[in-house]
Amino acid sequence: MLEHLSLPDAVRQTLRRRILNAELPFGARLLETELAAEFDVSRTTVRQALRDLQGEGLVELTPRRQCRVARMSREDARDVCFARYVLEASAAGEWLGRHGDDLTEGLEEEIAAMEKAAAEGDMLGAVQADTRFHGLVVAAGRRPTVGKLWHSLDGQMGALMRVALDCQHLDLYDLVSRHRQLAQALSTRRRAVVEAAIREHYVEGQPGPSDDGAPGDATGWGEP
């Protein structure tokens, strides 16, 4: 039934996919007893899985052990996007300064993976391809500390992408298009073009402080 992972990780991965693919909507309540029965595991195992999902920003736990599917606030999403922009732009600058290896082939492979995920309606697959795509750019900078800081944000990617697409009324095919545009900018190896493209991808056109996701209050918030 579950992959060869620890029981908490296997339960977490299944619930993570359900949340990201909107099988569990924002605000849906997750009951330990029901999940333990479904997965045939102990409530302790379920509790650990839910704590891990809380760390990813996908669920919220109350002092009374109630658990609901969470929605990352726009303020938090903008903050994470800005941090990723700063780190990735820095790494890309190092890559350009060293005349580093061509990234085209690797980036195109991840875009193809995103296209496959989009066709299957698989947001988790898209999140994983997105993380690998940007990871290639960061790794090309060859700055280990920058890489560690950048990857420390990976756990929030699922929550970030779901709220970004929801707030901007986009779908997974829009995600593919945005990454294709970024890959094209990177292929120019022109510093000004690359820096502007990374900023556009993460920062430009962010929505206002409203958190209701109403149409018209966002004009192109850079998604993850």
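Okay, salt bridges. The structure has 15 of them, and keep in mind that this is a predicted model.

Start with D9 and R12. Their side chains meet in a salt bridge, N to O at 3.8 Å. Why can these two reach each other along the chain? They sit three residues apart in helix α1, which covers residues 7–20, so about one helical turn separates them. On accessibility, D9 comes out partly exposed, with a relative accessible area of 28%. R12 is buried, at 17%, because the cut-off for buried is under 20%.

Next, R16. Which residue does R16 pair with? That's E56, and the closest N and O atoms are 2.8 Å apart. This one links distant parts of the chain: R16 belongs to helix α1, while E56 is in the loop between α3 (43–55) and β1 (59–61), 40 residues apart. Are the two partners buried or exposed? R16 is buried, with a relative accessible area of 13%, and E56 is buried too, at 9%.

D154 is in the loop between α7 (144–151) and α8 (157–168), R84 is in helix α4 (residues 74–97), and so the bridge ties together parts that are 70 residues apart in sequence. What about burial? R84 counts as buried, at 0% relative accessibility. D154 counts as buried as well, at 18%.

In general terms, side chains of opposite charge can pair when their charged atoms come close.

Okay, on to the helix packing. That's α5, residues 104–120, against α6, residues 123–140: their axes come within 8 Å and cross at roughly 170°. How do the two helices run relative to each other? Angles over 145 degrees count as roughly antiparallel, and therefore that's what we call α5 and α6.

Who touches whom? On the α5 side you've got G106, L107, E110, I111, A113, M114 and A117, and they meet G125, A126, A129, D130, R132, F133, L136 and V137 in α6. If you sort the residues of that contact by type, you get ten nonpolar, two polar and three charged. The charged residues in there include E110 from α5, plus D130 and R132 from α6.

That's it from me, happy to take questions.

Methods:
Residues are numbered from 1 along each chain as its sequence is written. This is a predicted model: local features need pLDDT of at least 70, side-chain atom pairs count only at pLDDT 80 or more; totals for chains, interfaces and linings use all residues. Side-chain values use heavy atoms; hydrogens and water are left out. A salt bridge is a side-chain nitrogen of Lys or Arg within 4 Å of a carboxyl oxygen of Asp or Glu. Helices (H or I, at least four residues) and strands (E, at least two) are DSSP runs, numbered from the N terminus. Buried means under 20% relative accessible area, exposed over 50%, partly exposed in between (1.4 Å probe, protein chains only). Axes are lines fitted to C-alpha atoms, for helices over the stretch in contact, and angles run from 0 to 180 degrees between N-to-C directions. Angles under 35 degrees count as roughly parallel, over 145 as roughly antiparallel, 65 to 115 as roughly perpendicular and the rest as oblique. Contact means heavy atoms within 4.5 Å.
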